[in-house]
Amino acid sequence: MNITGEDLILACSAIGAGIALIAGVGPGIGQGYAAGQAAAAVGRNPGARGSVTTTMLLGQAVAETTGLYGFAIAIVLVFVKPLLW
Amino acid sequence: MNPAAVILAESGGSGMSFMIRHLVDFELFGQKLSITTTHIAIVIVDLILILFAIAVKVKFSHPDNVPGTFQSAVEFLVEFVGNFVSDNMGPKNGKRFLNYTGSIFLFILLSNISGLLGLRPPTADYGVTLPLGLLTCFLIHFNGMRSKKFGYVKAYFEPIPLFLPMNLISEISTPISLSLRLFGNVMSGTVMMGLWYSLMPVFARLGVPSFLHIYFDLFSGAIQTYVFCMLTTIFIQDKMGDPE
C-alpha cells in the first residue's frame, strides 16, 4: 500500500479535526452548569420560570462560542485543507 | 483509495451536499469568481422579505379596527422587537436603533430558517456573517465616538495605560466572535442535516429529519438570531454610556 504525502496530510488533518472537537467539553460543562442553576432557580421561584429560561438559553448560547471555535477549525481542516496549499 | 479517503478528497467540491456549491463560474478583472448557492439563497430570502414588506405596507395603509391574523402577527413582531431593543438601550436610543436591529433580526431569522425551504442557509457562509459582524462593529465605534467624544479614547487606557493592548484585542475580537458564533451554529446544523441525508438509509430519511429540522433550523436559528440582536444592542449601548 503506497501512502503519498498528500494522503498522509489528509489523514492527519482528519485526526486533527477530531482532536479540535475536544473543545466541546468546556461548553458542555458550562451549559450543564447553567441548566442546573436554572433548574434550582425555578425550584425556588416557580413564578419566574419564563425569564429564568430566557436568561439560561441566552447564557448557554454565548457559552457555546468557544466550542464553535473548535468546530470551525475542524471544518477548515477537513474541507478547506489549508495544509495542502 | 479507500472510501473514506474518497469522501475526504471530494467533499470540498460536489461530493457532499452541505458545502457551498459553485453554480456559475466567470472571470472578472483576472479574478476567478463564481455565483454560489449562497447568492441564490440570499436573493430568495430578500425577495421574501420585500414581498412581506409590500404586503405589510398594503395592509397598514388601511388598517382594520379589529386586527385580523396578519395584522396582529405584524403588530406582535414590531412590538416584540421594539420592547426588546428599548429594554436593552433605554427608550431614546431604543427608537434610534430599532430600524437597524429590526432589519438584521428579520434577515438573520429568515436566513437561519431557510433550511426548511430546502435552501442552504446563507448564514452558513462566513462571507455573510462577517459583514454582519463588521456592520455592528462599525456602529459600535461610530456611536461611541459620537456620544462620548474624548471619553471614547480615554476608555482604551482604563483602568491603567498598560491595559491598552488588551483593550484593543477585546475590541478586535468583538466582530469575530459575533460572526463566528452565528456561523458556527448554523453551519453545525447544516452539516448535521447534510450528514443525515447523505449517510442514512432511505427509510430514516423520511419523517425523522423533521424533528432534527425543528431543533437545528427553528430552535437554534431563532436563539442565535435573538443572541445576535441582543449582543448588538448591548455592545452599542455599552460604548455609548449609561441609558438615560
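**View 1. A salt bridge at B:Lys239 and B:Glu171.** B:Lys239 is buried, with a relative accessible area of 13%. The model shown here, as in every view, is predicted. The partner of B:Lys239 is B:Glu171, and the two form a salt bridge. Their closest N and O atoms are 3.2 Å apart. The pair links distant parts of the chain, 68 residues apart. B:Glu171 sits in helix α6 of chain B, and B:Lys239 sits in helix α7 of chain B. B:Glu171 has a relative accessible area of 18%. That value is under 20%, so B:Glu171 counts as buried. Over all chains, the structure holds one salt bridge.

**View 2. The interface of chain B and chain A.** On one side, 21 residues of chain B make contact; on the other, 18 residues of chain A do. About 1,700 Å² is buried between the two chains. Carbon and sulfur atoms give 78% of that area. How many salt bridges does the rule find across the interface of chain B and chain A? The count is zero. Polar contact is found for two residue pairs across this interface, both at pLDDT 80 or more.

**View 3. The side of chain B that touches chain A.** Two residue pairs are in polar contact across this interface. Three elements of chain B give two or more residues each to this side: α1 (3–10), α6 (164–199) and α7 (208–240). Which of them gives the largest share of the side of chain B that touches chain A? That element is α6(B), with eight residues. By residue class, this side of chain B has 13 nonpolar, seven polar and one charged.

**View 4. The fold of chain B around these sites.** Chain B has seven helices and two strands. Read from the N terminus, its elements run α-β-β-α-α-α-α-α-α. The C-alpha trace of chain B spans about 65 × 60 × 40 Å along its principal axes. Chain B has 244 residues, and 40% of them are buried. Among contacts in chain B with a separation of 6 or more, 65% join residues 24 or more positions apart. The accessible surface of chain B is about 13,900 Å². Carbon and sulfur atoms account for 71% of that surface.

**View 5. Positive phi at A:Lys81.** The backbone angle is the point of this view. Most residues other than glycine have a negative phi. A:Lys81 is not a glycine, yet its phi is positive, about 55 degrees. A:Lys81 lies in the segment after α4 (65–80) of chain A. Is A:Lys81 buried or exposed? Its relative accessibility is 14%, under the 20% limit, so A:Lys81 counts as buried.

**View 6. Positive phi at B:Lys149.** B:Lys149 is a residue other than glycine with a positive phi, near 50 degrees. Where does B:Lys149 lie? The site is the loop between α4 (126–148) and α5 (150–154) of chain B. The relative accessibility of B:Lys149 is 59%. The cut-off for exposed is over 50%, so B:Lys149 counts as exposed.

Note on methods. Residues numbered from 1 in each chain as written. Chains lettered and ligands numbered in written order. Predicted model: local features only at pLDDT ≥ 70, side-chain atom pairs only at ≥ 80, totals over all residues. Heavy atoms only, no water. Contact = heavy atoms within 4.5 Å. Buried area = accessible area lost by both parts, 1.4 Å probe. Salt bridge = Lys/Arg side-chain N within 4 Å of Asp/Glu carboxyl O. Polar contact = N/O pair within 3.5 Å; in protein donor to acceptor, adjacent residues only side chain to side chain. Helix = DSSP H or I, 4+ residues; strand = E, 2+ residues; numbered from the N terminus. Nonpolar A, V, L, I, M, F, W, Y, C, P; charged D, E, K, R; others polar. Buried < 20%, exposed > 50% of the residue type's maximum accessible area, 1.4 Å probe, protein only. Areas by Shrake-Rupley, 256 points an atom, 1.4 Å probe, with all protein chains shown as cover.
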